[in-house]
Amino acid sequence: MKNSIITFISLFLVLVSYGQKDKVLLTINEEPVYVSEFKRVYEKNLDQINDSEKGIDKNLDLFINYKLKLIEAYKLKLDTSRNYKSEYRSYKNQLMTPYLQDEDFKKSLVQQAYNRTKEEVRASHILISYSKKTAKRDTTEILNVLDSIRTRIDKGDDFGELAKEFSDDPSAQMNGGDLGYFSAFRMVYPFEEAAYATEVGKVSKPFKTRFGYHILKVTDKRNSKGAYEVAHILARDKSIIGKVKIDSLYKKIQNGESFGDIAKKYSEDKGSATNGGVLPRFSSGRMVPSFENEVFNLTKEGEVSKPFKTRYGWHIVKLIKNYPIKSFQELKPELEARIRTSNRGKLSLQKLVSDLKLKYKIVKNTDLLNRVIKDRDFEFPESDENTAIITVEKQGATLKEFLDYIKNKKYLSVENLWSKFEDEKVLNYYKEDLVNLYPEYKNTLQEYKDGLLLFDLMKSKIWDASQNDDEGLTNYFENNKKNYSSEDISKVKGEVINDYQKYLEEQWLATLKKENKIKINKKVLKKLKKRYNQ
């Protein structure tokens, strides 16, 4: 209900800044309301109302009612309630989201993601995490370990063996750090970046992700295989017993028996057996390499592999369908959505902040900052704490704000925290400045703000009042029985409540019009009517 009310209220929103030549159409309590305000609202509504409702007088009356309700809402301080502030803040954050992107950069990310969707990388990695058991590691220690590993690789040591010896990725003990093939969105973005930037056979420089620091070796790059839909039959015993079973099942298939029927009856993968062995559609990196390689060797729909072994047992696979990579235009909406929800979505915001830092006048108090860097636990006098440590345009942030920001974050350096703090202040200034930069943002935000206020006002003054006033509702029904199809109020209660609400609103608006001084400029109104042939 609230959404419909807010949509209705949007019809009466102030949509323009008032120009110097704008004529005053009316005043409410000596406050001017300009022709442009009413004119734009009126014209916006013309396509949404019937011809009989397009009269200037009628719409002006509705507009005045809207204005009077807003005045009453602010008089009652409905804009100060906790629920109102919370809902308004939530909507504001949602509304500003599209403005927190660098559009050109975002487009480049989408194109990059598509290009990487078409190319797969195979890489092995060594991870040194930020902590070893309970002990924290600093960056210097981690990088020294990785530098020593790279030196050994340069001297000819095997990457896989070094991964087993040093990597904090538990799977390295089994796969020597080999991650198989992957493409866009399969890895965290910094890892993906390093993999695609490294040549086949080369080892990357150390790079950072949220897991720690890595080095990786790219062992292959190839065109994407697309997605595959297959069915399989599994014999879990990896010994000769499993081999004998899978060979006998393979012979049945060669003799013309149904693959699906055999899978249902004999496959030991109970999850897929009931569906004739059919597995969910997958692409590179979703299955173990030994399974994927056998699937990728199948070229014709309906083709069946020879028995093969993985760490799960013995398999036979049937190709149902191969789905090639879609065109850019087909994949674009999906890529945009995945970028928004993935870690690379933050990159566009970071690019925006970088551009803003070049645009805005930023003044830093380097003396205060250096004193914090020198001894972050130093107690500053109150006069220093209240001094601006950074000013973005004319908006300052005090030393105390920065000290509060870095409190309890001793695992990060002051320099690192300062960079984050500066970015935050720049972005906050930009967010507050959006109303000055983008009229459509300002107008939509004001629309929602007014809508929330009037919803709460109507709820308290009309809707809740009508629901709780049994005596008033009964009296209204008794005085208007002739308008209803039944003399039993219980049978027409919904209709009566609706009419009673309209009655209460009319009485209330009549009171508001008496309490507020409204003066219409008849000369200006006459010209306005003439403009619309009324």
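User: What is a salt bridge here?
Analyst: It is a side-chain nitrogen of Lys or Arg within 4 Å of a carboxyl oxygen of Asp or Glu.

User: And what kind of model is this?
Analyst: This is a predicted model, where local features need pLDDT of at least 70 and side-chain atom pairs need pLDDT 80 or more, while totals for chains, interfaces and linings use all residues. Residues are numbered from 1 along each chain as its sequence is written, and side-chain values use heavy atoms, with hydrogens and water left out.

User: Which residue does E165 pair with in a salt bridge?
Analyst: R152. Their side chains meet at 3.7 Å, N to O.

User: Why does that pair tie parts together?
Analyst: E165 sits in helix 7 (residues 159-166) and R152 in helix 6 (residues 139-154), so the bridge joins parts 13 residues apart in sequence. Helices here are DSSP runs of H or I, at least four residues, and strands are E runs of at least two, numbered from the N terminus.

User: How many salt bridges are in the whole structure?
Analyst: A search finds 33.

User: What does K513 pair with?
Analyst: D61, in a salt bridge of 2.8 Å, N to O. K513 belongs to helix 22 (residues 493-515) and D61 to helix 3 (residues 56-75), so this pair ties together parts 452 residues apart in sequence.

User: How exposed is K513? And D61?
Analyst: K513 is partly exposed, because its relative accessibility is 31%. D61 is partly exposed too, at 34%.

User: Which residue meets K364?
Analyst: E422. That salt bridge is 3.3 Å, N to O. K364 is in strand 12 (residues 362-364) and E422 in helix 19 (residues 414-437), so parts 58 residues apart in sequence are tied together.

User: Is E422 buried or exposed?
Analyst: E422 is buried, at 6% relative accessible area. K364 is partly exposed, at 40%.

User: Which residues are linked in a network of salt bridges?
Analyst: R116, E192, E193 and R344.

User: New topic. Where is S204?
Analyst: In the loop between helix 9 (189-197) and strand 7 (207-209). S204 counts as buried because its relative accessibility is 6%.

User: What is S204 in contact with?
Analyst: R150, T198, I215 and L216, leaving aside neighbours within four places in sequence. Contact means heavy atoms within 4.5 Å.

User: And where is Y228?
Analyst: In strand 9 (residues 227-235). Y228 is buried, with 5% relative accessibility.

User: What does Y228 touch?
Analyst: P280, R281, F282, V295, F296, L319, K321 and N322, not counting residues up to four places away in sequence.

User: How far is Y228 from W314 in space?
Analyst: 20 Å, C-alpha to C-alpha. In sequence, Y228 and W314 are 86 residues apart.

User: Back to the backbone. What is the phi of E30?
Analyst: Near 70°, a positive value in a residue other than glycine. E30 lies in the loop between strand 1 (24-28) and strand 2 (31-34). E30 counts as exposed, because its relative accessibility is 57%.

User: What about the phi of N533?
Analyst: N533 has a positive phi of about 55°, although it is not a glycine. N533 is in the segment after helix 23 (522-531). N533 is exposed, at 75% relative accessibility.

Conventions: Buried means under 20% relative accessible area, exposed over 50%, partly exposed in between (1.4 Å probe, protein chains only).
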